[in-house]
Amino acid sequence: MDKKKATILIIDDDPDFLDAVSSIIASAHYNVSTALDPKGGKEKIYSEKPDLILLDIMMDSLFDGFSLCHSIKTSKEFSQTPVIFVSAVKEQTGSRFRFEGAEQGMRGPDDYIDKPINPDDLLSRIEKLLPKEKR
Amino acid sequence: MNPRKPLILVIDDEESIRDSCSQIIAKEGHLPDSAENGAEGLEKIKVAHPDMVLVDLKMPGKNGIEVLEEIQAIDSTVIPVVITGYGTVESAVEAIKKGAFDFIQKPFTPEELRMTIRRGLERRRLILETEMLRREKKIMEENFITLVSHQMKSPVVAILQYFEVILAGMAGEVEKRQAHMIRRSSERLHGLLNLINDWLDIARMNKGIIAGKLRPLAIKDLVEKLIAFFEPTALEDQIFLSLESASKDFLVQGDMETLEQVFSNLISNAVNYNRPGGSVTVIIKDEEESVIVEVQDTGIGIAEEHLPLIFDQFYRVDRKEGQKTKSTGLGLSIAKKIVAAHGGSIQVVSELGKGSSFSVTLPKARAENDVSAKKTTLV
């Protein structure tokens, strides 16, 4: 029986990082989509309707990742789409255990993962967040 | 620069002076305002933040010198000029000493007033510009640190990510010898990443940023989260973590991000320098105006001759063989700096072969303290 595999969108401003993470995702036979900046990310979200989004917190500005996440989570169509924040350890403004933007009324992600990403760890986190029929 | 017209307040009990000054100020193209006594004038300063204030020295109620002192407490960028009576140069000198920019003697001509105002406003412009540049510089410095560290880390992280993918066999088969080399390269790069992170912390610490970020923080909650975070890896080496604390949580005056780093450093040291079957115990103790958090381990301990030096930058005790990544030698010195920025202190007792105990003393949050309790500074 053929199941329809999920599409994962990766948004990160480092092309090499995108390349490496794409091969991790592809190894689990998910469809991979990528974007190099928040603007491109937004377009891909509308055009490809991903089932999960991997989002780099620190792109051009420290708040790009945060505000993009907030607008995904407060949108009508994509509020249920899982978002995983990706960042180099200690790079995020706040604590690694807590999404501090909540204090300013910002909607946070569903999970965090540190760069460099361990492939098995990433795949198991993705699987947990995807709806059953897409795993 | 400032699009609004300069606002100049005249505080004088004589109506004729207020009126004539206001007329001259308005003719110069500025906004005049006036008050007939010190108290009214100070209220207006609080609300309207004028650029310049002309204050009569001799007034009923609050005198000019008192008003002068209070103006500076309200807004130190306001330019105060005093108006003195004929032949009272001594009081004008005192006013200058108290921070007046200039003085003008009654009776004065419109031209004298205009000159004084022009000089005062020029001074005001300079002060505001300096203030703005200082603020811009501070923001740039802070961003610079973040930016540089981001740009140093990005390539390292990208390389490490490729290594992860190769080692996972996702880019084709890897021979044993190749895998070994890539694994070692990866470990060395992780060391470099730690060094960049530590460097960033020290650079931030020197800017005195922590002091501005202190707020009441539940310390037990923070320690519990860290223990939960380290537990899985500690259990792999059969090291048991536990917390001893009163059921009540205490609020310390702290910055979450950096305190997390302090205890994360102490707990991970306690785990890494332990022995199989050993334990790490975190004890939270309540002192009157402070909270003491003790991290005890049953590890290899630190020799007496090393103890006074372990908080120094780049000091490393080479005490563990086969350690994968060398420590940067910065962890404890950063922890000490963070704790000091909290107004607290850090102490260590240790016995070689038996274990070490690090205790961190942190001031309680003000909300937790009895208001009537005398305030002491903890060093």
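Predicted model: local features only at pLDDT ≥ 70, side-chain atom pairs only at ≥ 80, totals over all residues.
Figure 1. Chain A has 135 residues, of which 50% are buried.

**Figure 2. Helix H4 of chain A, with its buried and exposed residues.** H4(A) spans residues 119-129. Its buried residues are Pro119(A), Leu122(A), Leu123(A) and Ile126(A). These four lie on the same side of H4(A) because the arc they cover around the axis is only 95°. The face turned away from this buried side carries Asp120(A) and Lys128(A), both exposed.

**Figure 3. Chain B in outline.** Chain B contains 9 helices and 12 strands. It has 379 residues, and buried residues make up 42% of them. Of the contacts in chain B with a separation of 6 or more, 69% involve residues 24 or more positions apart.

**Figure 4. The crossing of helices H8 and H9 in chain B.** H8(B) covers residues 256-272 and H9(B) covers residues 331-341. The two axes come within 9 Å and cross at roughly 140°. H8(B) is therefore oblique to H9(B). The crossing of this pair is left-handed.

**Figure 5. The residues that meet between H8(B) and H9(B).** On the H8(B) side, the contact is made by Thr258(B), Leu259(B), Gln261(B), Val262(B), Asn265(B), Leu266(B) and Asn269(B). Their counterparts in H9(B) are Gly331(B), Leu332(B), Ile334(B), Ala335(B), Ile338(B) and Val339(B). By type, the residues of this contact are 8 nonpolar and 5 polar, with no charged residue among them.

**Figure 6. Asn265(B) and the residues it touches.** Asn265(B) is located in helix H8 of chain B. Is this residue buried or exposed? Asn265(B) is buried, because its relative accessible area is 17%, and buried means under 20%. Leaving aside residues up to four places away in sequence, Asn265(B) touches Gly331(B) and Leu332(B). Gly331(B) and Leu332(B) are also among the residues of H9(B) that meet H8(B).

Note on methods: Residues numbered from 1 in each chain as written. Chains lettered and ligands numbered in written order. Heavy atoms only, no water. Axes fitted to C-alpha atoms, helices over the stretch in contact; angles between N-to-C directions. Helix = DSSP H or I, 4+ residues; strand = E, 2+ residues; numbered from the N terminus. Parallel < 35°, antiparallel > 145°, perpendicular 65-115°, else oblique. Left-handed = near helix turned anticlockwise from the far one by under 90°. Contact = heavy atoms within 4.5 Å. Nonpolar A, V, L, I, M, F, W, Y, C, P; charged D, E, K, R; others polar. Buried < 20%, exposed > 50% of the residue type's maximum accessible area, 1.4 Å probe, protein only. Arc of directions from axis to C-beta.
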